[in-house]
Every structure is written in C-alpha cells, then in structure tokens.
Amino acid sequence: MAEFLFVTDLDHTLVGDDQALLVLNDRLQKHRQEHGTKIVYATGRSPVLYREIQQEKNLLEPDALILSVGTEIYLDGSDRPDSTWATILSQGWQRNLVLSKTAEFPELKIQPNSEQRPFKVSFFLEQEASVTILPKLESELLKSNLNVKLIYSSGIDLDIVPYRSDKGQAVQFLRQKWKFVAEQTVVCGDSGNDIALFTTGNERGIIVGNARSELLQWHNENPANHRYLAQNACAGGILEGLTYFGLIE
Ligand code: GLC
Ligand code: MG
C-alpha cells in the first residue's frame with residue numbers, strides 16, 4: 001500500500017452515515033500513520049460552520065483544510081488562511097462591485113454573515129428561479145468585466161467566487177505543494193460545488209451513492225474511467241471507492 005492524497009467534501013459525503021464514518025476514520029487514520037497518506041477536507045463551509053461539524057462529528061484532524069468553496073486553504077492546523085493562495089485570488093477580485101451588481105436581483109437572498117467571506121459572496125436562490133436568473137446574472141457580471149465564477153449547489157446555494165478559485169483548483173495547489181501525482185490523489189463529493197474537484201485533472205474520483213442530480217447529470221455527460229460512482233451513501237461509498245481504486249485493502 002502506498003501513500004495517497006485523500007480529499008473529501010463533508011456534508012452528505014464524508015458526513016451522513018455515522019457508522020460508516022467510524023470505519024472510514026479508522027482506516028484513514030491507520031493509513032496516515034503507516035504510509036503518510038494526507039487527509040484534506042474540501043467544503044463550502046466557513047471556518048465557523050466547519051468547527052461546528054468538526055466537533056459534532058468528531059472528525060479527524062486534517063493535514064489541510066479547503067474552506068469556503070476553495071477560496072481559503074489552511075495548512076497544518078493553522079488558523080490563518082494561506083497567504084500565497086489569497087494573493088492569487090485577490091487579483092482582479094472586486095467584492096463590492098459583486099455586491100452592488102447582485103443587489104439588482106431580488107431573487108437572491110443573502111446567506112448568513114458567517115458565510116460571507118473575503119473571496120466568497122453567497123446567496124440562497126430557489127431552483128425554479130435559478131434556470132432564468134443564473135444566465136442573466138452571469139452575463140451582467142461579465143458585462144462589468146468581473147472575473148468571477150458562479151457555483152450553484154443542491155438546488156439552493158449560490159456562491160460567487162474569484163474566477164481562479166474553486167475546490168478543484170485549491171486541490172491542484174496542494175497537489176503541487178506536496179507532490180502527489182493524479183493517480184495517487186482521490187477526491188470525493190456529492191453535489192454541484194464538488195464538480196470542480198472532478199474536472200480539474202485526472203485524479204481518482206468517487207461520487208457517493210446519494211449524490212445530487214446536478215452532479216449525476218454532469219457525470220453522465222462526462223464519463224471517465226478514473227471516476228467511480230458508488231452504490232453506498234456517504235462514508236460507505238467512499239470506502240467502496242477506495243477499495244475499487246486499490247488505495248486501501
Ligand atoms: C456551505 C456553505 C454555504 C455554501 C454552500 C455551497 O453550505 O455554508 O455558504 O453556499 O456550502 O457551497
Ligand atoms: Mg456536500
């Protein structure tokens with residue numbers, strides 16, 4: 001068995017089946033001790049909401065944390081976001097302009113304060129309205145020369161972030177830093193903000209059995225041998241995928 005870089009989303013991916021999570025944690029912990037495998041969480045949550053789930057579910061201490069949909073990277077337990085990554089994202093990012101442009105769309109309901117971050121502006125947007133609003137919003141923002149990316153997840157969450165950021169690009173940053181090849185990297189997810197994890201490179205991908213329709217649809221339209229759609233939900237699906245790829249026994 002060789003070391004690998006393990007990257008997982010939290011809500012409805014790592015977390016959601018407490019029994020399976022116990023088993024997976026045990027396997028990962030041992031793999032880290034014996035082979036130097038690295039554990040990374042990649043979530044849309046802010047630091048505040050991350051700490052909540054970390055304590056509630058007693059999650060393993062990760063080797064790095066990707067928070068706020070890839071706009072913040074925390075290394076080695078630091079409570080300060082990595083400044084190299086922040087510098088990359090700050091180029092051309094105009095948060096105030098994003099706020100004033102989005103204010104013209106009454107369908108966008110601002111998320112709680114804790115989820116508004118230096119490089120992330122987040123709203124709730126109903127699925128039904130999203131079909132017409134998202135293309136309009138995108139073209140408005142582009143017209144203002146705003147280099148941003150819209151990430152829509154779970155039929156409700158809309159994140160607006162700098163063009164150069166998402167969970168996938170944050171993983172590339174870590175992969176280069178730690179020198180893991182794609183074949184020794186595995187990414188796991190269940191919803192729209194995880195699509196970027198599966199598109200950036202040739203990493204092994206695990207889609208858990210309970211994945212949301214937006215991810216399943218994307219997966220069906222972009223089939224790839226290095227991606228596995230699990231039968232089991234959440235941590236059970238991750239265990240299934242890690243075995244499928246031969247990363248664990
Ligand atoms: C988490 C965040 C929220 C974000 C969502 C999707 O729930 O708290 O701000 O919109 O993930 O990325
Ligand atoms: Mg999720």
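**Exercise 1. Find how many residue pairs are in polar contact across the interface of domain 1 and domain 2, and say what the domain 1 side is made of.**

Solution. Keep in mind that this is a predicted model.

Step 1: Count the pairs. Across the interface of domain 1 and domain 2 there are 8 residue pairs in polar contact, both residues having pLDDT 80 or more.

Step 2: Look for the elements involved. On the side of domain 1 that touches domain 2, two or more residues each come from helix H2 (47-56) and strand S4 (72-75). Helix H2 gives the most, with 3 residues.

Step 3: The side of domain 1 that touches domain 2 has 6 nonpolar, 9 polar and 5 charged residues.

**Exercise 2. Describe how the chain is divided into domains, and how much area is buried between them.**

Solution. Let's begin with the bounds.

Step 1: Domain 1 covers 5-87 + 165-244, while domain 2 covers 93-162.

Step 2: Now place the two domains. Their centres, taken over C-alpha atoms, are 24 Å apart.

Step 3: Next come the contacts. On the domain 1 side 20 residues take part, and they touch 15 residues of domain 2.

Step 4: Turn to area. The size of an interface is often given as the accessible area lost when the parts come together. Here about 1200 Å² is buried between domain 1 and domain 2, and carbon and sulfur atoms give 51% of that area. Of the area that domain 1 buries against domain 2, 31% is supplied by Val69, Thr71 and Ser165, more than by any other three residues.

**Exercise 3. Which residue forms a salt bridge with Glu72, and what does the pair tie together?**

Solution. Start with the count, then zoom in.

Step 1: The model has 12 salt bridges by the rule used, and 2 salt bridges are found across the interface of domain 1 and domain 2.

Step 2: The partner of Glu72 is Arg117. Their closest N and O atoms are 2.7 Å apart, and the cut-off for a salt bridge is 4 Å.

**Exercise 4. Classify the aromatic pair of Trp85 and Phe173.**

Solution. A pair of aromatic rings is described by the distance of the centres and the angle of the planes.

Step 1: The count of aromatic pairs is 7. For Trp85 and Phe173, the distance is 5.2 Å centre to centre and the planes make an angle of 45°.

Step 2: Planes under 30 degrees apart count as stacked and those over 60 as edge-to-face, so the pair with 45° between its planes is tilted.

Step 3: Finally, locate the rings. Trp85 sits in helix H3 (residues 83-90) and Phe173 in helix H6 (residues 167-178), so placed that the pair links distant parts of the chain, 88 residues apart.

Terms used
Residues numbered from 1 in each chain as written. Chains lettered and ligands numbered in written order. Predicted model: local features only at pLDDT ≥ 70, side-chain atom pairs only at ≥ 80, totals over all residues. Heavy atoms only, no water. Domains from an automatic or database assignment. Contact = heavy atoms within 4.5 Å. Buried area = accessible area lost by both parts, 1.4 Å probe. Salt bridge = Lys/Arg side-chain N within 4 Å of Asp/Glu carboxyl O. Polar contact = N/O pair within 3.5 Å; in protein donor to acceptor, adjacent residues only side chain to side chain. Helix = DSSP H or I, 4+ residues; strand = E, 2+ residues; numbered from the N terminus. Nonpolar A, V, L, I, M, F, W, Y, C, P; charged D, E, K, R; others polar. Phe/Tyr/Trp six-rings, centres within 6.5 Å; stacked < 30°, edge-to-face > 60°.
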